[in-house]
Amino acid sequence: MGDVAARFAEIVGDTNLLSGEAIPEDYAHDEALTISPQQPAYLAKPGSAEEVAELLKAASEHGVPVTARGSGTGLSGGAQPREDGLVISFERMNAVLEVDTENHVAVVQPGVTLSELDEKTTAAGLGYTVHPGELSASVGGNVGTNAGGMRAVKYGVTRHNVVGLQAVLPTGEIIRTGGKTSKVSTGYDLTQLIIGSEGTLAIATEVIVKLYPRLPHGATVFAPFETFDEVMTVVPKIVSSGLSPHILEYIDNLTLAAISYNEKLSLGVPDAIRDTAQAYLVVALENRDDDRLHADIEELGGMLGDLGAMDVYVLEGSSARKLIEAREKAFWTAKAAGADDVIDVVVPRSAMPEFLRRSREMALSREAGALGCGHAGDGNVHLAIFCKDPEKRKRLLTDIFALGMELGGAISGEHGLGKAKSGYFLDLEDPAKIALMRRIKETFDPAGILNPGVLFAEPGGGAEAKQSNRPATT
C-alpha cells in the first residue's frame, strides 16, 4: 500500500496527498444524519483533469475505491469514503473558466461553489438558477446528485441546467459530452446519464451550465391556511395561472415556528391566525418590470383569498429574503431539533395531499413524527423524521418510501440515495431496472472502484448498501 500512496503523491505532488491520521476529520463524512464518519486511507487534491485521470487509472489498477468530494454538503452519505479508499477533493479545481454572454453559459470546474459562481455571473447580469439551499455546495456535487432546490418549479433541476461535461472514466479516459449547444440528437446522451449517478459512473472535471438573465424586480407572497389539503388544492391553480412563480413552497406550522425562532424571523402574523393555521404557502414572483410584478402580486393575492387563505402577506426586500433564507435552513433547524433523519420523497404534485396525510398517519401509529416543508410546485416533500429506535425507523421509512412509489413517485427527488437510502432502493425498485443499472455501472466502471456502496451493494454485501427493508403492513 506504500507503493500506492507513492504513486498518488507522484501524480498530485507530495503537498496534495495526505494519508492516514493526517487527513482532517471533515473528509470522513457529509451532512447525512444516519451515516457514521469513515476516515479514508488517502486524500488527493488534484489540479487538473489529467491528474484526476491518472489517479483513477492507478486506483483501478490497485483496486482502491474512490469517492469524489465537492463541499461535503450532501444529505445522503454519498461522500462518505471507504476505510481503504481514496477521496478525490476538488478544492483546487475551483475556477470559473468562462462566462459566455453570447451563448448564456458558464464553464466551471467542479469545485466551484454556488456562491462563487453567483458572484462571477452577477457582473454580466446573468445567473445560474439551481439553488439547493446551501450556497457553499459545489457545482460538481450538484451534478453528482442532480440537485434541485426551491427554484426548480420554474427553472428545473441540475439536469435541466447542465448542457455539457468533461468527465473522467475510472479507466483513466477523459471524455467530453454535450457542449454549448441548446440541443443535441446524436447518439446516447451521456451528459444526462452521468448527472445524478452519484459518482458511480464517472467523475466530472468541467461543467457547462446554463445562465439566465437576472430579473430586477421580485416579491414574496406568504399565505396561511387552516389545512394542508387547502394548500395543496391551491398549488396546481397557481401553476396553471401563467404567473410563473420561481418559488412555490409549503411549510407546516411547527416547522415555520422552529425556523422563525432559530432565524429570529418576524412575519407579522397575528396570534389568532398563527394558532389555527396548519400550513403556509410561500410564492415568489419575479419580473423585469416593476408594474407588471405588482399586477401579478395583486392577481395572486386575489386568487389565494378566493381559495381559502386566512390572510395574504406581501414581503419585499429584506423581509422576503429573510423568509427564503430561513426556509433554506430548514435542514439545520430539523437537525438542531433532534431529527433522526431527513428525507425528500418526490410524488406527482396532485398526490401530495394523500402522501402527506398517510405518511403522518404512519408516523403517528409508531409514536414517531414526520414534519416539514417542501417544494409544493414540483411534488418534492422534505420530511424531518423523529424516531429514535433504529429498527422502528427503518420500518417507518420503508413504508413511507413504498407509499411514495405507490403514488407514482420516487425515494429521492434531489438529495440522492447515497449510502443512506440505497438499501431501500434495492428492496423497493423494479429488479429489471436495477439489473440494467448494474450493467451500465459495470460498463463504465469494470473494476468497481467508483463510490462502492452507493446505489448498489458492495461485493460481499455492504451493510450500508443492502438492508432488510421489506415493507411492513400498515
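**Entry 1. Cavities**

I began with the largest cavity and found its lining to consist of Leu-75, Ser-76, Val-342, Ile-343, Asp-344, Phe-401, Ile-411, Ser-412, His-415, Gly-416 and Lys-421. The model is a predicted one, in which local features need pLDDT of at least 70, side-chain atom pairs count only at pLDDT 80 or more, and totals for chains, interfaces and linings use all residues. Residues are numbered from 1 along each chain as its sequence is written, and side-chain values use heavy atoms, with hydrogens and water left out.

I took a cavity to be a set of points, on a 1 Å grid over the protein atoms alone, where a 1.4 Å probe fits but cannot get out; lining residues have an atom within 4 Å of a point. Grid points are joined across faces, edges and corners, and the volume is the space filled by probe spheres set on the points. I noted two cavities of 30 Å³ or more. For the largest cavity I recorded a volume of about 50 Å³.

I next looked up helix H2, residues 49-62. Helices (H or I, at least four residues) and strands (E, at least two) are DSSP runs, numbered from the N terminus. The expected span of a helix is 1.5 Å times one less than its number of residues. The 14 residues of H2 should therefore span 20 Å, and I found the end C-alpha atoms 20 Å apart, which agrees.

I then listed the buried residues of H2: Ala-49, Glu-51, Val-52, Ala-53, Leu-55, Leu-56, Ala-58 and Ala-59. Buried means under 20% relative accessible area, exposed over 50%, and partly exposed in between (1.4 Å probe, protein chains only). An α-helix has 3.6 residues a turn, so residues three or four places apart point the same way.

After H2 comes Gly-63, with a positive phi near 65°. I found Val-64 in the loop between H2 and strand E3 (66-69). Val-64 counts as buried because its relative accessible area is 1%. Contact means heavy atoms within 4.5 Å. Not counting residues up to four places away in sequence, Val-64 touches Val-4, Phe-8, Tyr-42, Ala-59, Asp-84, Gly-85, Leu-86 and Ile-449. Of these, Ala-59 is also among the buried residues of H2. I also noted that Val-64 and Ala-202, 138 residues apart in sequence, are 15 Å apart in space, C-alpha to C-alpha.

Most residues other than glycine have a negative phi. I recorded Asn-451, which is not a glycine, with a positive phi of about 50°. Asn-451 is in the segment after helix H17 (431-444) and is buried, because its relative accessibility is 3%. Its contacts, leaving out residues up to four places away in sequence, are Val-66, Thr-67, Gly-78, Glu-198, Gly-199 and Thr-200. With Thr-67 there is also a polar contact of 3.4 Å between the side chains. A polar contact is a pair of N or O atoms within 3.5 Å; within protein, one must be able to donate a hydrogen and the other to accept it, and residues adjacent in sequence count only if both atoms are side-chain atoms.

Glu-367, also not a glycine, has a positive phi of about 55°. I placed Glu-367 in the loop between helix H14 (352-365) and strand E17 (369-375). Glu-367 is exposed, because its relative accessible area is 74%.

Within H14 I looked up Ser-359, which is buried at 0% relative accessibility. A polar atom of the Ser-359 side chain lies 3.1 Å from the backbone oxygen of Leu-356. Aside from neighbours within four places in sequence, Ser-359 is in contact with Ala-370, Leu-383, Ile-400 and Leu-403.

I found Glu-429 in the loop between helix H16 (422-428) and H17. At a relative accessible area of 18%, Glu-429 is buried. The Glu-429 side chain makes a polar contact of 3.3 Å with the side chain of Lys-433. Glu-429 touches Met-405 and Ile-434, not counting residues up to four places away in sequence.

**Entry 2. Cysteines**

A disulfide is a pair of cysteine sulfur atoms within 2.5 Å, and I counted zero disulfides. The sulfur of Cys-373 has its closest cysteine sulfur in Cys-387, 20 Å away, which is too far for a bond. Cys-373 is buried, with a relative accessible area of 4%. Cys-387 is also buried, with a relative accessible area of 4%.

Key: 1 Å grid on protein atoms, 1.4 Å probe; cavity = no way out; pocket = protein on both sides within 12 Å on 5 of 7 lines; lining within 4 Å.
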